[in-house]
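User: I am new to this structure and would like to go through parts of it by question and answer. Please show it first.

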Amino acid sequence: MDLDILDVAIFDGEALRAENRVSIRDGIITEIGTGPAAVPASRTINADGKLLTPGFVDAHAHTTFGGQEALACDISGADSLEAALQMVRDYAADTNRDDGATDPANDWVIGGGWSMAHFPGGDPTADILDEACPDRPAILLSADHHSAWVNTQAMAAAGLDETSTAPAGGVIVADSASRPTGCLHESAIDLVSAHVPAASEEEVLAGLHEGQRYLNSLGVTAWMDAIVGDYGGHRDPYGTYIGAAESGDLHSEVVGSLWWPRGVEDIDTEVARLTDLARTDGRFRATSVKFMLDGIVESRTAAMTNEYTCTCGGFGTSYFTRAHLEASFAALDAAGFDIHCHAIGDAAVKAALDAFEAVRSQGTAGTGTTGAAEPGERRHHIAHVQVVDPADVPRFAELGVTANLQALWACHDEQMIDLNLPFLGAERSGWLYPFGSLNRTGAHLAMGSDWPVSTANPWEAIHVALNRSHPTAADESPLLPDEAIDLTTALRAYTAGSAHLLRSADNGHIRTGQPANLALSSENPFTLPPTDIAGITNELTICDGRIVHDALPLHTPAPTTPSASTTTGSAS
């Protein structure tokens, strides 16, 4: 592909540049200059001052899961319970089998995307779902993937009744007679998902194709898949990624976070198993290991140092002991893996930091048997960082641990208002998403979406990072406005910052000599009020030197006469 992008504002992954042209030849960035190219390309785009960035790098997404769910019973777009139920009715009607080829008891309705805010206390019930889908078992994961809504048929298929016991860390929501009501939290999801027919390889591959298409449409050219393993009824996509990389279907750059099961007892055996799965080259690499340390605030499963302030109380769920984290982190660090932690509650964040500190103080970094990194050069990170004790904020920079931000959530949406603030109390409600504080201490920042938990649109997340509010939020007043970050910091986190976690040489920056991984926005946010950022869209995505998304209104022909140009050899 040969292309000149003219009259464009350029953010190179670190800062705005003075030049206004990027030239690409054979898919490689050859010049960053000013004015038309001396020898014009076969295609020229006049950007009219729009912003060109490196392709966004999503540091925490579930791409195959999201793609499969988008192709299944996807109710994520519902703005009310009735809208969600109508989507279920429509999907069930479209997929009903009347040819006798399938036993209805095995013909599951699978999907998800429901919002806890649509139900009192955040817990849906089977009787509501029965009305929309009475004749087939149905399991719908919540938007955050930490809960499942099941109907009566699904509970019957799984043998779920008043005698059932939740596995460690799980919650079966039940009535006063101990009868399950149709909502399962955390590991209790497995009680039903284990009975769902496994997705075929073709279905997982279709999910990957759809997920890649969606992310590319938003300007994302690389991502970290935050769970590569069997989870929540989803089939492990590891083999699918390898096959897609080998066939050329995977043109984006992906690092898979290999799943660390909650029930691991023999740490050395598990590290050996993951080491066999490690991949350090190609479009798909597996150099990271994912730990789910706790749950979420909405279901009171996020791990807290002090009890929740609601009448239910409790400290939430901590999936691993301190000793287990220290031993497993040390073994994985010595084997060359980067460690990727889900941590929502302040106790989970503290536990992760304590374990990273223990690894560093023990000097356990070894020879890096996976080949992922040299000792001491790990890219460990903690995702979500929702509730962080102020005493722990400076420890990120001190320990070299990246804060992986899902910025879209840092606003007064319905779940924050109804299912977070009342449970956290006044003090902890002042500790939410401390992006500004982390940045002021010098912590390394990355950004991701957690799609399909929420939209993967980087511009909406950046809007919230700047404003601590969102135009569609239930309350547009800013959430802890002192914790906002500026536009340059947010863009840097979503490009170079996330590329750092992926150890990417080709993404995160605009530099001469590297394959073109670029995103062209509909406007230049540096010329807009911060409150208008959410309206920006992505118009062009170039991934690994080829155009994979083009929503530009016109193709501008190349100039017929060459003119003088100014070029630079590298990005700052």
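User: Leaving aside its neighbours within four places in sequence, which residues is Ile 485 in contact with?

Analyst: This is a predicted model, in which local features need pLDDT of at least 70, side-chain atom pairs count only at pLDDT 80 or more, and totals for chains, interfaces and linings use all residues. Residues are numbered from 1 along each chain as its sequence is written, and side-chain values use heavy atoms, with hydrogens and water left out. Contact means heavy atoms within 4.5 Å. Once neighbours within four places are set aside, the contacts of Ile 485 are Phe 435, Gly 436, Asn 439, Ala 465, Leu 466 and Ala 490.

User: Is Ile 485 buried or exposed?

Analyst: Ile 485 lies in the loop between α15 (458-467) and α16 (487-502); helices are DSSP runs of H or I with at least four residues, and strands are runs of E with at least two, numbered from the N terminus. Buried means under 20% relative accessible area, exposed over 50%, and partly exposed in between (1.4 Å probe, protein chains only). Because its relative accessible area is 6%, Ile 485 is buried.

User: Which are the edge strands of the open sheet?

Analyst: Five strands form this open sheet, with mixed pairing, in the order β2-β6-β21-β22-β23. Each edge strand pairs on one side only, and these strands are β2 (9-10) and β23 (546-550).

User: In which sense do β2 and β6 pair?

Analyst: Two strands pair if DSSP finds at least two bridges between them. Ala 9 stands opposite Leu 51 in β6. Over two bridges, β2 and strand β6 (residues 51-54) pair in the sense called parallel.
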